[in-house]
Amino acid sequence: MFGYVKPDLPYLYLKDDRLYKALYCGVCKSIGNNFGQRARLGLTYDIAFLSAFAHNIKGADVEIKKERCVAHPLVPRFMASRDEITEVCAAVNVALVYYKIKDDINDRGRGRVKLAFFKRAWKKTLKKYSAVSEIVERNYDDLRALERACESRIDAVGDCFGNMMRELGEYVLGDASDKNSSDTFYFLGKWIYLIDALDDYEKDGKRGEYNPFRYAFGEYKTLSELLKNHGQEITYIFGGVFAGLKNSSKNLKWKFNHDLIINVLTKGVEAVTLDVFKKTQKDNKKSNGEER
Amino acid sequence: MTNDFYSILGLNENCSDEELENAYRTLKEKYSEDRFLEGEAGNEAARKLTEIETAYREIISERKESEFSSQAGCYSDIEGAIKRGELSEAQKMLDNFNERNAEWHYLQSVVFYKKNWTNESKKQLEIAMQMDPSNQKYKTSYDKLNAKINSANEKNFTDYSGNASPRGEAYEDADRQMGGDGCMEFCCQMAICNILLNCCCNCR
């Protein structure tokens, strides 16, 4: 579920690369200061994206200075200043990690140690940001209900995660939120769920776990077989999400340069999707004996 | 006027379609035989037969119309709900329908489209077009839906069903990256090395 939202590296400007890493460090420090050092391990670049988006749309500039931190005590690196927005993003990260582990425990029964590890940080978020936990918990419950009912409509299942992201986006952006930003978050959330499901298609098949593609298109041993038989419809589904992202992000009211964010939303998302598909191509070539 | 028709057939206004059929058949049989009687009785029977035919046809067409207009009325309610953005209300009204004809599937596809469920919307439109192939409105909507998705994805989007070409090749001629995939991969590898070294060796 994490680690899919990233920029398309060949097209990332150096200036944005620095900004991106600095924002990551900013949120990391914010987690450490507000919710405990342990929870910093759950941070991913997805939240750096959220931080960039929120700061841009809300018109809040960040100051980037060289600082040290626990993980990098010797050489100082560029880090973004911490403000209220960073703190909210930190809370969102902690809540998402906590409920993701809880969901894994429900599915597989494993991860109780991990949950205990993050529990204290999560409890701290409840003091000021209980709304975030409420949003995440409610949408995960809806998702679980659909999974138990073996929902086969891809749109219906993706809708839960899309909705969760939409509500989180509206919470983080506050007054600066509008229909375009809500829709952008909705499509991004839907995409994250779907690409994660596609990536886990084979694993879920072996474990006998719920996967929307299994119920919508049938059980195939490998992802490449699934794509060979239903590639067109799967292409259409992802195409719909990409179109939604492009159309809604086109009209966002930016307050700063948005090269980084557009890179992630238009190029990054497609590049990651293509990589998941390419992964299957490599498997095909190996099995056909083409690759040495 | 309608009441006269019902009284000709000797029925109540609220009779069921079955009762109507039975009454019509019985009376028609009776007067068809009587038609061949001598003199006035024969003429009377012929006249009655025509009356019964007319009455039956009028009642049937009136019933069909009212059923259609009540359905059409409900459809316009749903359209109103969709226009006002009350999608859950519209969905509830759709779920209450017993009969699901082409128009029902079309309205369901509109509700799905507004919810951003593009795949389900396309499926419903396809069913509607299958049920009513001559309807132009459905075809136009279907084309619009596909055009919207295709226009947003012209450049990078390739056929994922096994023929995805490397990123470099999907562009127009003058926009191709020199060195093609080699450059992109190298760039990625360098970027990844950069990130890894950052993490381990504090090389910044």
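**Close-up views of a predicted model**

**View 1. The second largest pocket has a lining of 11 nonpolar, three polar and 15 charged residues.** Here Ala, Val, Leu, Ile, Met, Phe, Trp, Tyr, Cys and Pro count as nonpolar, Asp, Glu, Lys and Arg as charged, and the others, Gly among them, as polar. This is a predicted model, in which local features need pLDDT of at least 70 and side-chain atom pairs pLDDT 80 or more, while totals for chains, interfaces and linings use all residues. Residues are numbered from 1 along each chain as its sequence is written, chains are lettered from A, and side-chain values use heavy atoms, without hydrogens or water. The pocket holds about 640 Å³ of space. Of its 29 lining residues, K100(A), D103(A), D104(A), D107(A) and R108(A) are the closest to the centre. Two or more lining residues come from each of α3 (84–108), α4 (112–148), α6 (179–199) and α7 (201–207) of chain A, and α3(A) gives the most, with eight. Helices are DSSP runs (H or I, at least four residues), numbered from the N terminus. On a 1 Å grid over the protein atoms alone, a pocket is an open set of points with protein on both sides within 12 Å along at least five of seven lines, a cavity is a set where a 1.4 Å probe fits but cannot get out, and lining residues have an atom within 4 Å of a point. Grid points are joined across faces, edges and corners, and a volume is the space filled by probe spheres set on them.

View 2. Closest to its centre, out of 19 lining residues, are D46(A), I47(A), L96(A), M165(A) and I192(A). Helices α2, α3, α5 (154–173) and α6 of chain A each give two or more residues to this lining; α5(A) gives the most, with five. By class, the lining has 16 nonpolar, one polar and two charged residues.

**View 3. Helix α2 (residues 45–58) of chain A packs with α3(A) at about 145°, with the axes 10 Å apart.** Axes are lines fitted to C-alpha atoms over the stretch in contact, and angles run from 0 to 180 degrees between N-to-C directions. From α2(A), I47(A), L50(A), S51(A), A54(A), H55(A) and K58(A) make the contact with I85(A), T86(A), C89(A), V92(A), N93(A) and L96(A) of α3(A) (heavy atoms within 4.5 Å).

**View 4. K128(A) and E87(A) join in a salt bridge, 3.2 Å from N to O.** K128(A) sits in α4 and E87(A) in α3 of chain A, 41 residues apart. A salt bridge is a side-chain nitrogen of Lys or Arg within 4 Å of a carboxyl oxygen of Asp or Glu.
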